[in-house]
Amino acid sequence: MSAGMIRLVKHPDGSEGHPTDPGSYDEIYAELPLLHPTPRSWAELAASHLPEFLADHAVCEQQVAMYGLSLAGYYPDDAELVERAAALAAEEVQHFRRVVAILTKRGWPLGGRRKNVWAQSLRARIVPGREPWTKVDRLLFGAMVEARSCERFTRLLEVLDDPEVTHLLADLGPAERRHWEMFYRLAGRGMDEKALAARFQGWREFEAELARSLGTSPAVHGWG
Ligand SMILES: [Fe+2]
Ligand SMILES: [Fe+2]
């Protein structure tokens with residue numbers, strides 16, 4: 001898919017999204033702005049290391065909640081961004097709590113902070129102090145994180161044999177898909193559509209290259 005093909009529609013509740021319901025991995029992947037699909041081998045690895053995957057997943061949810069709040073802090077004069085970012089943070093805290101509840105119930109340890117080369121490398125691409133591009137890039141970074149998370153959950157669902165975690169990821173995948181679309185839309189406010197797509201293309205290519213270079217790991221942003 002090219003960035004120029006990203007088309008959102010207005011739902012009856014006023015939110016924006018894709019016209020189709022969540023479907024198979026291939027259908028969902030085709031709608032995501034990703035240029036490198038996760039191999040099934042990663043999903044098999046993550047499914048066979050569920051305690052490690054979920055511990056890492058919990059931290060991802062926690063960190064994206066904190067990122068949402070940090071965005072609100074960077075741009076206090078942007079009322080729409082503050083509201084959307086705060087709502088996102090609240091939703092991600094709920095995701096965090098759901099993952100933690102499963103870990104706790106099963107007696108699996110919560111991992112806490114750990115190195116995430118994928119996320120750190122992506123975030124390092126944001127250059128502070130170069131507005132308006134810094135703001136656009138902060139939002140496009142969020143879009144990439146959410147899109148890859150949606151893709152990972154969808155991939156994992158293909159091989160998972162655990163009803164409770166399946167239920168969790170089936171809920172979270174569509175939420176993260178909605179989030180990437182929200183970030184992308186916020187980034188594009190007041191901006192030429194083609195310029196936004198061109199800027200995003202740089203992120204998409206960088207992310208795909210990064211994804212290709214990652215080592216094998218059952219973490220959310222590890223590879224297989
Ligand atoms: Fe989430
Ligand atoms: Fe999200």
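I count a residue as buried if 20 or more other C-beta atoms lie within 10 Å of its own, with C-beta atoms placed from the backbone. By that rule, 38% of the 224 residues of the chain are buried. I keep in mind throughout that this is a predicted model.

**Entry 1, the overall make-up**

I looked up the secondary structure and found eight helices and two strands in the chain. Reading from the N terminus, I noted the order β-β-α-α-α-α-α-α-α-α. I then asked how far along the sequence the contacts reach, and found that, among contacts between residues at least 6 apart in sequence, 74% join residues at least 24 apart.

I took H3, which covers residues 50-74, and looked at how it packs on H4: the angle is about 160 degrees and the axes are 8 Å apart. Since angles over 145 degrees count as roughly antiparallel, this makes H3 roughly antiparallel to H4. I recorded the crossing of H3 with H4 as left-handed. Sorting the residues of this contact by class, I have 20 nonpolar, four polar and two charged.

I next turned to H3 and H6, for which I noted an angle of about 160 degrees and axes 12 Å apart. With that angle, H3 and H6 are therefore roughly antiparallel to each other, and their crossing is left-handed. I wrote down who meets whom: on the H3 side are Cys60, Val64, Tyr67, Leu71 and Tyr74, while H6 contributes Arg138, Gly142, Val145 and Ser149. By class, the contact of H3 with H6 holds six nonpolar residues, two polar and one charged.

The class count for H4 with H7 is nine nonpolar, two polar and four charged residues. As a reminder to myself on spacing, an α-helix has 3.6 residues a turn, so residues three or four places apart point the same way.

I checked the span of H6 (residues 133-157): its 25 residues reach 36 Å from the first C-alpha to the last, which is close to the 36 Å expected at 1.5 Å a residue. I also found H6 to be mostly covered, with 21 of its 25 residues buried.

Within H6 I picked out Phe153, which counts as buried because it has 25 C-beta neighbours inside 10 Å. Leaving aside neighbours within four places in sequence, I listed Leu169, Leu172, Gly173 and Glu176 as the contacts of Phe153. I also noted Val220, which is 67 residues from Phe153 along the chain, with 8.4 Å separating the two C-alpha atoms.

I looked at the loop between helix H5 (117-123) and H6, where Pro132 is found. The peptide bond from Glu131 to Pro132 is cis, with omega near 10 degrees. For context, I noted that most peptide bonds are trans.

I followed the chain into the loop between H6 and H7, where Leu160 is found. Leu160 has 20 C-beta neighbours inside 10 Å and therefore counts as buried. Apart from its neighbours within four places in sequence, Leu160 is in contact with Ala47, Val165 and Thr166. For Leu160 and Ala47, I recorded 113 residues of separation in sequence and 5.8 Å in space, C-alpha to C-alpha.

I then looked at Ser48, in the loop between helix H2 (40-47) and H3. Ser48 is exposed, because 11 other C-beta atoms lie within 10 Å, and 12 or fewer is the cut-off for that class. I noted Val159 as well, which is 111 residues from Ser48 in sequence and 9.8 Å from it in space, C-alpha to C-alpha.

Methods:
Residues are numbered from 1 along each chain as its sequence is written. Chains are lettered from A and ligands numbered from 1 in the order in which they are written. This is a predicted model: local features need pLDDT of at least 70, side-chain atom pairs count only at pLDDT 80 or more; totals for chains, interfaces and linings use all residues. Ala, Val, Leu, Ile, Met, Phe, Trp, Tyr, Cys and Pro count as nonpolar, Asp, Glu, Lys and Arg as charged, and the others, Gly among them, as polar. Helices (H or I, at least four residues) and strands (E, at least two) are DSSP runs, numbered from the N terminus. The expected span of a helix is 1.5 Å times one less than its number of residues. Two residues are in contact if their C-beta atoms, placed from the backbone, lie within 7 Å. Axes are lines fitted to C-alpha atoms, for helices over the stretch in contact, and angles run from 0 to 180 degrees between N-to-C directions. Angles under 35 degrees count as roughly parallel, over 145 as roughly antiparallel, 65 to 115 as roughly perpendicular and the rest as oblique. A crossing is left-handed if the near helix is turned anticlockwise from the far one by less than a right angle, and right-handed if clockwise.
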